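Dear colleague,

Please find the structure below, together with its sequence.

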Amino acid sequence: MKAMKLIKDNVIRTQVAIVGAGPAGMLLAHILRSHGIDSVVMERRTAEHVQSRIRAGVLEHDTSNLLREYGFGPKMDQIGKPKNGTMIVWESEEDHFIDVHKWTGKRMFAYGQTYLTKALYEAHMASGAPLLESVSDVTLNDIASERPYVTACHEGRSIRIDCDFIAGCDGARGICVQSIPSNYQRVFEKQYPFSWLGIMVERPPLEEFTYCFHNSGFALAAQRTPTLSRYYIQVPAGNRVEDWSDQRFWDVLLNRFPLRISRKIQTGPSIEKSIAPLRSIVREPLRYGRLFLAGDSAHIVPPTGAKGLNLAISDVHYLGTAFSDYFKRGSTSGIDRYSEIALRRIWAAQSLSTRLTMLLHRCPDEDPFESKLRQAYYTLLLSDETAQSALAHEYAGPPLVK
Ligand code: RFL
Ligand code: PHB
């Protein structure tokens, strides 16, 4: 419990109690440290578990620059790779490249969330800042008052953390969203009737990230390193990993990609396989009293736009700056405007992610009208430079509010 202010046995005093040690929670702790603000991070899983989760792979230009500003550039450049954009392929249609570089002058950055999480943990541990792993029974208390506190069980003992603010960075099913009275917050939600089944394979990837539409569903070829590839296919909601042997996965994936692409895909045994249901959630506002939501606890976007991690990073950038203004200057304007500022980017990301999801996935009960709309949008994309530029700008993400 180095660097934590122990008031008395098992009672800790900190400025910001952070629930959840995913990228949102760990980056927020880092940002606060850089402003001289102390925090305590609580995580219900072990560090090994959090660092082994395989999720996002693409960062926006502005997000990767922000991570550079916070000191993560050297690690990112060891493993990550700039990308001009993302390819869309479609059976019996021309390919379309979402040319982010041509239309916006920016580049996306291929960098796995797993590597970012490791870099965040390393920086945290090197600083000696507190991280309480494997906590249970986290409970938020008096959050509508000026003296909130968190109680939890850690290493078999009850602890209490007195704080000025609580940051809810514990994902969509965490305790923080459950601690907000339901009549206080609006929840906007959409479920999709399909999931993504993803595998990791030790084979060289395709040159470009490639989204594929096929009448039987979506597929994606993604990449992590020159020798590590990530592939996804759309599967019906409710499918389980056990239903999918490697052979069945590859058969479906290779059948979905046009032959000119599938013949370049190097298959092999999966080293990881997981399923994620697709859904959209936005909570408004992102604050209740002294509790602030950030990352997946505030919103979930379907992964088709590659926006979730980017939003988690921009949320905590706004929140960390707002806390800094409060502690350094006594200004409440940042914390008062946090929800409104963060929600602008969140809804922009929802809009893009929903449109790309509908363009590239096939709903089981899709009617011919919806199929015609999809075709009309793709035809527009292939022929109209304004549509190409608009999509590239949205995919690149809106600029961060300074
Ligand atoms: P996390 O990463 O889920 O971390 C939350 C942490 O909170 C802990 N926790 C608790 N701790 C203490 N007490 C409790 N009661 C707790 N309850 C929960 C959890 O154990 C966990 O460690 O949320 P965070 O930090 O907000 O980060 C969000 C991102 O992980 C997520 O948005 C992205 O992975 C989304 N995403 C993508 N985002 C991108 O920007 N680009 C992409 O290319 C991209 N691809 C993806 C994705 C997500 C995917 N899945 C799995 C849905 C691809 C996929 C397949
Ligand atoms: C990934 O690399 O895992 C990835 C890339 C693009 C997406 C989603 C996930 O839209």
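Contact, as the word is used here, means heavy atoms within 4.5 Å. The domain bounds come from an automatic or database domain assignment. This is a predicted model, in which local features need pLDDT of at least 70 and side-chain atom pairs count only at pLDDT 80 or more, while totals for chains, interfaces and linings use all residues. Residues are numbered from 1 along each chain as its sequence is written, chains are lettered from A and ligands numbered from 1 in the order in which they are written, and side-chain values use heavy atoms, with hydrogens and water left out.

The two domains

Domain 1 covers 5-63 + 114-188 + 280-355, and domain 2 covers 73-108 + 192-279 + 363-396. Their centres, taken over C-alpha atoms, are separated by 30 Å. Across the boundary, 28 residues of domain 1 are in contact with 25 residues of domain 2.

Together the domains bury about 2300 Å², with 59% of that on carbon and sulfur atoms. Buried area here is the accessible area (1.4 Å probe) that two parts lose on being put together, summed over both. On the side of domain 1, Ile-54, His-61 and Tyr-115 lose the most area to domain 2, together 26% of what that side buries.

The side chains of Glu-394 and Arg-355 meet in a salt bridge, at 2.8 Å from N to O.

Helix H11 (333-360) supplies 4 residues to the side of domain 1 that touches domain 2, the largest share. Helices (H or I, at least four residues) and strands (E, at least two) are DSSP runs, numbered from the N terminus.

Aromatic pairs

The structure holds 20 aromatic pairs. Rings of Phe, Tyr and Trp (its six-membered ring) pair if their centres lie within 6.5 Å, with planes under 30 degrees apart counted as stacked, over 60 as edge-to-face and the rest as tilted. Phe-292 and Tyr-338 form an edge-to-face pair, 6.1 Å centre to centre with 65° between the planes. Phe-292 lies in strand S21 (residues 291-293) and Tyr-338 in helix H11, 46 residues apart.

Backbone exceptions

Most residues other than glycine have a negative phi, and most peptide bonds are trans. The peptide bond from Glu-284 to Pro-285, however, is cis, with omega near -5°. Ser-92 is not a glycine, yet has a positive phi of about 55°.

Yours sincerely

Definitions and conventions:
A salt bridge is a side-chain nitrogen of Lys or Arg within 4 Å of a carboxyl oxygen of Asp or Glu.
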